[in-house]
Amino acid sequence: MQNSEALALTAVLLAAAGDLTQRINDGVVARGFEARPAWGFAFTRLSAGGATVTELAAHLGVTKQAASQLVDELVRRGYVERNAHPGDARARLVVLTERGWACTRAAEEAAADAVRPWVELLGESEVRALRDQLARIAPYGPIRPAW
């Protein structure tokens, strides 16, 4: 692949990722939730059974202080809570509240809405094939912003 082709590929992938992030965020807001894209990336990690602030920081690629500030904001807004960690008496486990789970469900609906035009343009089987091919390239994530 020529450099120019590689650059064109990276440009369309980044554009698609940015567009999806914005459409999902807009869809969450339209469903009545306050939202920022960074919150969705945090919710992705927290929906897998919760996380410590340190684990969340690593997932998001930010400092522990930045992750702690994000958690503070999400606690104030009622999306997450800090609980005792079942395996470490010194740590706190950050978990989604019912409001956080409702926001996550709204994001899932918004994601489906965001991808629907792709299905209309390419067809369902092509979109599934695209998903499968991209999963071969980036199978493990993490799903996080590119700060």
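I began with helix α2 and what surrounds it: its buried residues pack against α1 (3–30), α3, α4, β1 (80–84), β2 and α5. I am working from a predicted model. The buried residues I listed in α2 are Trp39, Phe41, Ala42, Phe43 and Leu46.

Next I looked up the largest nonpolar core. It has 22 residues. Phe43, Leu46, Leu74, Tyr79 and Val80 have the most contacts inside this core. I noted that α2 (37–46), α3 (53–60), α4, β2 (92–96) and α5 (98–122) each supply at least two of its residues. The largest share, five residues, comes from α2.

I then checked Val80. Setting aside neighbours within four places in sequence, I found Val80 in contact with Phe43 and Leu46, among others. Its contacts also include Val71, Leu74 and Val75, as well as Val94, Val95, Leu96 and Thr97.

Salt bridges came next. I count 14. Arg45 pairs with Glu55, with the closest N and O atoms 3.7 Å apart. Arg45 lies in α2 and Glu55 in α3, so this pair ties together parts that are 10 residues apart in sequence. Both ends are partly exposed: Arg45 at 21% relative accessibility, Glu55 at 34%.

Arg90 and Asp88 also meet in a salt bridge, at 3.3 Å from N to O. Here Arg90 is exposed at 77%, while Asp88 is partly exposed at 25%. Shared partners join Glu34, Arg36, Glu73, Arg77 and Arg99 into one salt-bridge network.

Last, I looked at Glu73 in α4 (residues 64–76). Is Glu73 buried or exposed? It counts as buried because its relative accessibility is 13%, under the 20% cut-off. Beyond its neighbours within four places in sequence, Glu73 is in contact with Arg36 and Trp39.

Methods. Residues are numbered from 1 along each chain as its sequence is written. This is a predicted model: local features need pLDDT of at least 70, side-chain atom pairs count only at pLDDT 80 or more; totals for chains, interfaces and linings use all residues. Side-chain values use heavy atoms; hydrogens and water are left out. Helices (H or I, at least four residues) and strands (E, at least two) are DSSP runs, numbered from the N terminus. Buried means under 20% relative accessible area, exposed over 50%, partly exposed in between (1.4 Å probe, protein chains only). Contact means heavy atoms within 4.5 Å. A nonpolar core is a set of buried Ala, Val, Leu, Ile, Met, Phe, Trp, Tyr and Cys residues joined through side-chain atoms within 4.5 Å. A salt bridge is a side-chain nitrogen of Lys or Arg within 4 Å of a carboxyl oxygen of Asp or Glu.
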